[in-house]
Amino acid sequence: MCLGIPGQVVQMLPGYGDQLALVDVAGEHRKVNVGMLPEATVAPGDWVIIHMGFAVEKTDRAGADAAMRGLQLLGRGADSEVPP
């Protein structure tokens with residue numbers, strides 16, 4: 001099992017074999033490789049779970065919220081306090 005961070009696809013980026021998306025992750029836009037989801041069509045508005053820069057799973061808003069709650073329990077979510 002790996003920890004994954006949820007994000008919402010903002011747009012697909014041109015080139016890169018249609019495998020790169022701009023994803024909103026807790027308010028920050030990140031480039032994410034979606035090539036590990038060959039069977040799933042990824043489009044703006046879709047939610048994905050990201051691990052090490054790769055989308056490893058397509059999900060919905062409820063799944064993204066559940067993933068974020070899990071990260072918050074571990075002290076890693078958006079509302080968690082980050083030590084200096």
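1. The model is predicted: local features need pLDDT of at least 70, side-chain atom pairs count only at pLDDT 80 or more, and totals for chains, interfaces and linings use all residues. Residues are numbered from 1 along each chain as its sequence is written, and side-chain values use heavy atoms, with hydrogens and water left out.

2. The chain has 1 helix and 5 strands, in the order β-β-β-β-β-α along the sequence. Helices (H or I, at least four residues) and strands (E, at least two) are DSSP runs, numbered from the N terminus. Of the 84 residues, 30% are buried (under 20% relative accessible area, 1.4 Å probe, protein chains only).

3. The second largest pocket has a volume of about 160 Å³. A pocket is an open set of points on a 1 Å grid over the protein atoms alone, where a 1.4 Å probe fits, with protein on both sides within 12 Å along at least five of seven lines; lining residues have an atom within 4 Å of a point. The volume is the space filled by probe spheres set on the points, which are joined across faces, edges and corners.

4. Helix H1 (61–73) and strand S1 (5–12) each supply at least two residues of this lining; H1 gives the most, with 4 residues. Among the lining residues are Pro6, Trp47, Arg61 and Met68.

5. Methionine 52 lies in the loop between strands S4 (47–51) and S5 (54–59). Why does methionine 52 count as exposed? Its relative accessibility is 69%, and exposed means over 50%.
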